[in-house]
Amino acid sequence: MPFDIIQVGVFFGLTALTAILTLWLCRRMQRTHPIVDRHDARGQFLAGGTLTWPFVAGSITLTNLSTDQLVGMNGNQMLLLAWWELAAIGGLLILAFVFLPIYYREGCTTTTELLEKKTGSRRLRATIGGLFLAGNLLIYLPIMLYTGSLFLKSMLNLDLPILAIATPLALVGAAYAVFGGLRAVAVSDTISGVGVLGMAVFVALLSLQAIGWTFEAVPPERLTMVGDNDSPIPWHTLLTGMVFIQIFYWSTNQTITQRAMAAPTLREGQKGVLAAAVIRLFIVPAIVVVPGVAAYVLFGDVGDLAYGMVVAKLLPPWLSGAFGAMIAAAVLTSFNSVLNSSVTLWVCDFHQPFINPRPDVARLNAWISWGMVAAALMLVPLYEGADSIINLVQQLNGLLSMPILSAFIVCLLFRGVAAPAAIAGVISGTLFYGALTFLGSSPPLPHYIHQMAVTLFVSVGVALAVNRFALGNRATLAFAG
C-alpha cells in the first residue's frame, strides 16, 4: 500500500514547525543570555547555565524516551516492562538529592570531572569518559537510529532499507547539536516532549478502546507485574541489580546529568529533575507497555513491530502523520542529546587535557559530531534482526554501567583510594561481566540483572584490594569520623 500524501505532509509540516520554534526560542535566549566565547566549553555544553526547570525536565524526559522505549518495551508485549520506568523514579530522586548537589558544589562540566577532582587523576577521568563514549557510539546512537527507522518504516509503510531512513534522521538530529549546542537540544526536547507525550497517551487510550477496555484475551503471564525466573524482569532482580542500574543511568550518565547541571542554580536543576520524576510516574509506564499488550490481542505475538502496527491501524492518516512527526522528533532529540554529551566528553575529558586546553569549541564540536554520526550509521545494520531491542540494550549496558559506577562508589564513599586501583576495578568488572554474559556457562548463570549487581561488587572489591595490597594504601569510609 503506498503512503498517504496527507500523512506525509503532516509529518514534514510538524517536523519543520518544531525546528522553527526551536530556532525562535534559542534566538530569544541568546539575546538575553548570550554565549559569545567560542572557546568556552561550559557555555557550549551547559548552555551557559540558562536552562530553567521546564527545559531541564523536558530534556531529561525526551532524552530518555525514544523509540528504544516505545518500540522496544512495547515489543515485549507485557506489562512487566513498566518496572524499568517505575524504578527510574528512584534513580531521579538520587540524582536530585545526592549527586546533583555534589556536581554543583564541585563546578563540574562532566560527571567524570568529579572523579578527577576526587583523585587528582586525569587518566581515571579519561578512562571513564572513554567507556561512556564507547557505550554511546557502539550502543545508544546506532540503536536509536535503528529503532526510529524501524518504527517509521512500519508506520508509514516505507519500502526503503533501514539505513536509507536512518541517514536523514541522523543528519537532522546532528544539526541541532552542531549549530545550537545544548541549548538548542534542550529546547527542541521540550517542544517535542509536549507532542510526544500527548500523542503517546492518546495511542494508549485508543489501543485500550480497540480491545474493549479489557485484557481478557491476554495470557496472564503477559499481565503480571511479578516476574518469574523466566521473565525479562524476575521479581527478585528489583532488589539487586535494578537498583544499581538506575543509579548509574540517572546519576552518573553524562547524557542525563548534563541537562540538570545546565540550570542557573542547584535548586532550579533539582526542580527540573523532580518534574521529570513526576512525568515518569504518571505518564511514561503506561505508554511503553499498554499499546504492546493491546497489539497482542489485535495482531498476536509480533515483537518489535507491535507499536508501529498499532499506530498504523488505529490512527487516521493525518493523525498518524502527526504522531510520526512526534516520534521522529523523539528520535532526533534523544539522538542529538547523546551526540551532544559524547562530544562534551571528548572535548572536556580528552581534547582539553591532552591536546589543546583552549580549542575553538564550536568548530571542534562540529567536526567531532559529524564523525560520530558517520560511525553510528555504519553500526545500524548490526542491530537488525535482534529478538528484543530493549533487552539487548540492557544486557549490553552491563559491560560498562557497573564498572563505571564502581569508580564513582570508590571515589565518593572512600578516602585514600588511588586512581590506578579504581581503574583496575573498572577493567576487572568489564572482563568479569563479559565472561559471564558472552562465554556462557553450565549450569545456567543467574539473570543478567543479578550478574550486574555481582559485577559491581567484584569491581569495587578488586579496586579496594589492589589499593591495599598492590599499592599499599588504606581506604577509609569518607563519612567515618
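The legends below describe close-up views of a predicted model.

Residues are numbered from 1 along each chain as its sequence is written. In this predicted model, local features need pLDDT of at least 70 and side-chain atom pairs count only at pLDDT 80 or more, while totals for chains, interfaces and linings use all residues, and side-chain values use heavy atoms, with hydrogens and water left out.

**View A. Helix α6 and the residue that follows.** Helix α6 covers residues 111-119, helices being DSSP runs of H or I with at least four residues, numbered from the N terminus. Its buried residues (under 20% relative accessible area, 1.4 Å probe, protein chains only) are T111, T112, E113, L114 and L115. Just after α6, G120 adopts a positive phi of about 75°.

**View B. The largest nonpolar core.** This core, a set of buried Ala, Val, Leu, Ile, Met, Phe, Trp, Tyr and Cys residues joined through side-chain atoms within 4.5 Å, has 151 residues, and L51, I60, W84, I128, L145 and F323 have the most contacts inside it. Helix α8 (residues 162-210) contributes the largest share of this core, 20 residues.

**View C. Surroundings of L145.** Leaving aside residues up to four places away in sequence, L145 touches A166, L169, A170, F335, A376, L377 and V380, where contact means heavy atoms within 4.5 Å.

**View D. Helices at the lining of a cavity.** α7 (122-155) and α18 (401-413) each supply at least two residues of the lining of the second largest cavity, and the largest share, five residues, comes from α7.

Note on methods:
Buried means under 20% relative accessible area, exposed over 50%, partly exposed in between (1.4 Å probe, protein chains only).
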